[in-house]
Amino acid sequence: MFYTHKGTEKLFEKLPIPKAVFLAESISGDSSFSHGTAFCQAIERAAQIEVPLRALIMRTILLELERICNHVADIGAIATDVGFVVANAHATRLKEMLVSLNERLTGNRLLRGMVCIGGVRRGWDAVQLGSLRATIAGFASEFRDLVALIDSSESTRDRLEQTGVLRPEKAKDLGIVGVAGRASGMNPDARRDHPYAAYGRYSFRVPVYQVGDVSHRMQVRVDEVNESLGILRSATEESLHGECSAQVPPIPADRCALSTVEGWRGEIIHWIRTGPDNHLERCKIKDPSLNNWPALVEAVQGNIIADFPVINKSFNLSYSGTDR
Amino acid sequence: MFKILQKTIATGIVTTKYPSEPAQISDRFRGRPSFDFEKWTDARPAEEVCPTGAILVCDDGDSRRVTVDYGLCVFCGLCAEASADRAVRITQEFELASAHRRNLILTAEYLLSTDGTHRELRGVHQRLVDLEADADQVGQQARERIQKLLKRSLAIREVDAGSCNGCELEIVALNNPVYDLERFGVRFVASPRHADMLLVTGPVTRNMELALLKTYQAMPEPKVVVAVGACGISGGIFGKNYASLGGVDNVVPVDVYIPGCPPRPQALLHGILLAVGRLGEKMYMDSSA
């Protein structure tokens, strides 16, 4: 742990705020858009910037795309770690489908360079929206096939069930968040509890299970992908007109703000305190990986060595996010 | 079993034909920013918005030197938006890998008007090292030996020296059915002792310095080192600070640099094949397709 510590929080103090957005996107590459959004939201809150609705809906769409992308890759990787490589071939193919959609929507495969203070940097034209709707529809049916394929493999199910159990009591004691928390009876979800972006406009279910094994951590991912597809369908039906971003005034000094985003892994928290000259005085960043590392230690106890990779993968924690 | 076969057949072949054929990429993709130095009337707005300092302006009296470093660039496109004269254009070019760090740097010299805009372009310097490299006989021989030995089968050891894991996502994508790295006889291995190539991502953190050095030393000769992404090349947005040592070449010698943030899988493929001298050869996919 902490081998990839890069002094990120200190670095935030040196960069002018608009440039610091790019640093936020590099906290954990797989959550680029979530971290970028969390940072922008904190600044917007500190400077009392009203983000236009169009930008809020676009952020919601991109946040959900990031979630689906990572979940489908994890589902494939869990299958690989118990020897079902064909499922992974399909899962990585599906992920590639979404990553190329990301590129068509934002110009970057990891959704980088899209979010900015006050909104998003570019709007979408009819071609991009058409491509978004078509890809979601195509992905939904392919994803059903993938889940059916994994469900039909009895040996895969056998390896995943009762493997790497994290009991709900332990999850509560350790304060486990996100996918791992919801598989073990924890029920926080920032999208529902502290609505941000345009989440207040859509209804979705938060899957919670009590069993806490690898199989249920995978099931939470499957359920969340399906819920996210629902959010995406509703969000893409809305009319996306108006401004993409608000006018950004000079950021006032000595303001504090807290912002939370439910990243695909769990809750991301950014706390900032602004300083003079469009700079930060201090910031604190919490990636969900930080909460969840102790859970891995609990979950692997009593399991065979050969199951370590799959248990580890079912948490899929970020070194860079923890170490910053 | 029947279902698996059925799905496989229904899916068909999804593997890309790159590099035998040009890559199919979206026209929205932000690749290399290209600079029309003749047309560029002022480099200062671009310098001001660049998040990593990839564009640097250095004034001396009435002359100015503008430096553009693709090894620092994160391809955000802000320089093109900030330059009102449309002299900076975002292209779809991604094959930027180079064997020389200095090949990634362009410089332009201007004479200035009194308001600080460019009056006259005095010269552009780029790709300085190509000529020098040809004169370097010993280096050339070593490269040929490496290329001969590693051409057919290449084992790669990947080291995350402090990356944000964005580059890792794209490296992992090389193994998916779309990019399928193994069709070139290239595979990832779990030990440096089995590896011919060291693929390093991230700015090297102080805590990873020793691990990276030991990994490099544990590899058998001949070996090739590839630095991936803006961070691997130069430290990127992290640069050098109390916890980060900057680019990989501050710790181990680097043979090929692959710019990008992160470099897309085709760019990684291009860089890896460049490192072992395999670009331009006829690929397996040609005969099968």
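Predicted model: local features only at pLDDT ≥ 70, side-chain atom pairs only at ≥ 80, totals over all residues.
1. B:G229 sits in helix α8 of chain B, which covers residues 229-234. B:G229 counts as buried because 32 other C-beta atoms lie within 10 Å, and the cut-off for that label is 20 or more.

2. What does B:G229 touch once its neighbours within four places in sequence are set aside? The contacts of B:G229 are B:C167, B:T201, B:G236, B:I258, B:G260, B:C261, B:P262 and B:P263. As for B:D36, 193 residues separate it from B:G229 in sequence, and the C-alpha to C-alpha separation in space is 25 Å.

3. Over in chain A, have a look at helix α2 (residues 17-25) and helix α3 (residues 32-47): their axes come within 7 Å and cross at roughly 150°. That angle is why α2(A) is described as roughly antiparallel to α3(A). The crossing of α2(A) past α3(A) is right-handed.

4. On the α2(A) side of this packing you'll find A:I17, A:A20, A:V21, A:A24 and A:E25, and they meet A:S32, A:H35, A:G36, A:F39, A:C40 and A:I43 of α3(A). Sorted by class, that contact has 7 nonpolar, 3 polar and 1 charged residues.

5. Now the interface: chain A puts in 37 residues and chain B 36 residues. On the side of chain A that touches chain B, the elements giving two or more residues are α1 (8-14), α2, α5 (85-106) and α6 (126-151). Of these, α5(A) gives the most, with 9 residues. By class, this side of chain A has 10 nonpolar, 16 polar and 11 charged residues.

Terms used:
Residues numbered from 1 in each chain as written. Chains lettered and ligands numbered in written order. Axes fitted to C-alpha atoms, helices over the stretch in contact; angles between N-to-C directions. Helix = DSSP H or I, 4+ residues; strand = E, 2+ residues; numbered from the N terminus. Parallel < 35°, antiparallel > 145°, perpendicular 65-115°, else oblique. Left-handed = near helix turned anticlockwise from the far one by under 90°. Contact = placed C-beta atoms within 7 Å. Nonpolar A, V, L, I, M, F, W, Y, C, P; charged D, E, K, R; others polar. Buried ≥ 20, exposed ≤ 12 C-beta atoms within 10 Å, placed from the backbone.
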